[in-house]
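Student: I am new to this structure. Please take me through one part of it closely.

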Amino acid sequence: MAEIIIATDRPSSPRDELIKGLWRENPVFVQVLGMCPTLAVTNTAENALAMGLATLFVLSFSAAIISAGRTLIPNQVRIATFVLVIATFVTVVDYLIQAIDLDLHAALGAFIALIVVNCLILGRMEAFAARHTPTVAVLDAIGMGIGFTWALLCLGVVREVLGFGTLFGLSLFPASFQPWTVMVLPSGGFFVLALWLLIFSRIARSGART
Amino acid sequence: MNSTPLWSIFINACLVNNFVLAYFLGICPFLGVSSRNATAVRMGAAVMFVMLISSLCAFGLNRLLLAVEAPYLTLISYIAVIASVVQLVEMFIRKVSPALFQALGIFLPLITTNCAILGLALFQTNRGYNLTQSVIYALGAGAGFTLALLLMSGIREKLALGRVPEFADGTAIALVVAGILSLGFMGFAGMGAS
């Protein structure tokens, strides 16, 4: 079964696997996966970056373990196995962030634990890691993770600059600047993501036409 | 121990801090199955049911893990329990009411990866709710999820008839609608105590 899928796949270089997550198959803007953390923790650029890196960590380590053991995992219980592996690494990340920065841990709250149910991760495991060798799977995971991180940063930067008038905690505007409070509220997340999706579909469209 | 009154927990979970529109939990089904009213109702009912059962399980599990002093196992055991609860509910419904099973279809297994369920279990643990409070919290969160899904599907059914610019059709316009709904729900903020 696995051989057939690999054979029908378009042959691609390792470099291709790494960069496809950045733009062509970007998890947020193109595949629209992992929406919950994308919207919930992007009210400041710092939170967005931390969430992106945490997801990157979980994604790469889970991909390594799962693709290394892909012949050992019985097909019937594969989803349950994936979820348990992912949950283990999420627990590691949770305690790691708690050890590094308590304030950050408080700001991200339950959303670190909720990386477990990020459909992006489970999707990559099922669609890619379970069918490829560890090296390729990890490259794919790193690419996807970086793609996810910069997408979160796109949202976080816009929301923090407009909502607080700061970037990574540094003040950008004179004191007379009136912050757009709506940007850091939940509705701002929806609006900014909608805006980025519009921009992206516009760029993708004009690229397809030329 | 938390001593918030029960009505306040319910209003809070349902309206003030609506799981979908204020906490961004369960966005995937919210965007995925909100294009028709009938499916939205069924999805909401299924989620509410699973929330109730997994909330009870999470409460018992938390007590057990505290007793054996292994809090680092919380996340792993919660997700394992939720996955098996969904599986059990699926088997139970298939046995008792094949008609309902047919109606729910693919939505039932997908509930496992609905972050609203795991979020509910984690929040009730963090806030130290007792058994009654947990059940009320689960009911409120489920009702809030169903309400948001219903509102969204009603709007999207009308939207399908309107003329949306081609490049904004689909997810982008749904997100704008969700943003406006979320603004509306902020009006409830004065009602409950945090």
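Tutor: Chain A has nine helices and two strands; helices (H or I, at least four residues) and strands (E, at least two) are DSSP runs, numbered from the N terminus. This is a predicted model, where local features need pLDDT of at least 70, side-chain atom pairs count only at pLDDT 80 or more, and totals for chains, interfaces and linings use all residues. Residues are numbered from 1 along each chain as its sequence is written, while chains are lettered from A and ligands numbered from 1 in the order in which they are written.

Now the close look. Leu152(A) sits in helix α8 of chain A, residues 134-164. Leu152(A) counts as buried because it has 26 C-beta neighbours inside 10 Å. The cut-offs are these: buried means 20 or more other C-beta atoms within 10 Å of the residue's own, exposed means 12 or fewer, and partly exposed lies in between, with C-beta atoms placed from the backbone. Across chain A, 44% of the 210 residues count as buried.

What does Leu152(A) touch, not counting residues up to four places away in sequence? The partners are Thr38(A), Thr42(A), Ala48(A), Met51(A) and Gly52(A). Contact here means C-beta atoms, placed from the backbone, within 7 Å. The C-alpha atoms of Leu152(A) and Ala45(A) are 8.2 Å apart, though 107 residues separate them along the chain.

Chain A also shows this reach as a whole. Among its contacts between residues at least 6 apart in sequence, 76% join residues at least 24 apart. The C-alpha trace spans about 65 × 50 × 25 Å along its principal axes.

Key:
Contact = placed C-beta atoms within 7 Å.
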